[in-house]
Amino acid sequence: MDASTYSAPETLRDGRAVTIRAIRASDKQAMLDAFHGLEAQTIYLRLFTAHGEPSEQTLREWTEVDFDKLVRLVVCLPRPGADEQIIGGASFAMLEPGNPAAGAEVSFTIEEDFQGQGLGGKLLAHLARIARARGIRHFVAEVLPENHPMLAVFERSGLPTTLQRGEGVVHVNMLLPG
Ligand SMILES: CC(C)(COP(=O)(O)OP(=O)(O)OC[C@H]1O[C@@H](n2cnc3c(N)ncnc32)[C@H](O)[C@@H]1OP(=O)(O)O)[C@@H](O)C(=O)NCCC(=O)NCCS
């Protein structure tokens, strides 16, 4: 499976059609627009810190992805007469590049207006599909303890999941059965 050309149709809970696809280098403006639409709380839950205006370097890191050490998918909503809107995304990063057995770390961001539409779970399922195909057998994540939506997505994924509560953070481990 070539993750860099991955694309799949999906439907939001409210019935709207979206596409979940691999991020592209040409997504820089759409990613910047998506970032500008985020509330501070979402950025904090995702990054555990505030985040200023993304630099050109940051935008390159977000969009020019190797799909080897890092796989990033975005959720795109078509807009009549305009470019599609990026309304969320998720990625996994290999913990040890070249060693799928070491697993990968996942992270997610959904625009506030589109949270609660089931996108977190759908993105996780697509990432798991890509990861399994390359021999990755577990995902890890670090989640703030108050982030119940993220923990709910992991616990309802159907993947065997363990949670370990640490100092101000929950360490999540999910098995990806072959
Ligand atoms: C965490 C996150 C990725 C979940 O994605 P999602 O697409 O909203 O997930 P779901 O639609 O499957 O919702 C999961 C559960 O959380 C609830 N939920 C989602 N967004 C919520 C919100 N803003 N406030 C309260 N509850 C919310 C949903 O209702 C759902 O519970 P339910 O099935 O009982 O209704 C998304 O909320 C997000 O981007 N949060 C900010 C960034 C973040 O926390 N990233 C994770 C860092 S690893």
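User: How many helices and strands does the protein have?

Analyst: A count of the elements is a plain starting point. This is a predicted model, and in it the protein has five helices and eight strands. Read along the sequence, these elements follow the pattern β-β-α-α-α-β-β-β-α-β-α-β-β.

User: What is the radius of gyration of the protein, and what would a compact globule have?

Analyst: The value is read against a rule based on the number of residues. A compact globule with 178 residues would have a radius of gyration near 16 Å, and the protein has 16 Å, so the two agree. The C-alpha trace spans about 45 × 35 × 35 Å along the principal axes.

User: What share of the residues count as buried?

Analyst: Buried is a matter of relative accessible area, with a cut-off of under 20%. Here 45% of the 178 residues count as buried. The protein exposes about 9,300 Å², and carbon and sulfur atoms supply 50% of that area.

User: At what angle do helix α1 and helix α3 pack?

Analyst: Angles of 65 to 115 degrees count as roughly perpendicular. Helix α1 (residues 28-36) and helix α3 (residues 56-63) pack at about 105°, with their axes 10 Å apart. That is why α1 is described as roughly perpendicular to α3.

User: Which residues make the contact?

Analyst: From α1 come K28, M31, L32 and F35, and from α3 come L59, R60, W62 and T63. The residues of this contact divide into five nonpolar, one polar and two charged.

User: What part of the contacts with a separation of 6 or more joins residues 24 or more positions apart?

Analyst: In this protein such residues account for 59% of those contacts.

Terms used
Residues numbered from 1 in each chain as written. Predicted model: local features only at pLDDT ≥ 70, side-chain atom pairs only at ≥ 80, totals over all residues. Heavy atoms only, no water. Axes fitted to C-alpha atoms, helices over the stretch in contact; angles between N-to-C directions. Helix = DSSP H or I, 4+ residues; strand = E, 2+ residues; numbered from the N terminus. Parallel < 35°, antiparallel > 145°, perpendicular 65-115°, else oblique. Contact = heavy atoms within 4.5 Å. Nonpolar A, V, L, I, M, F, W, Y, C, P; charged D, E, K, R; others polar. Rg over C-alpha atoms; globule rule 2.2 N^0.38 Å. Buried < 20%, exposed > 50% of the residue type's maximum accessible area, 1.4 Å probe, protein only. Areas by Shrake-Rupley, 256 points an atom, 1.4 Å probe, with all protein chains shown as cover.
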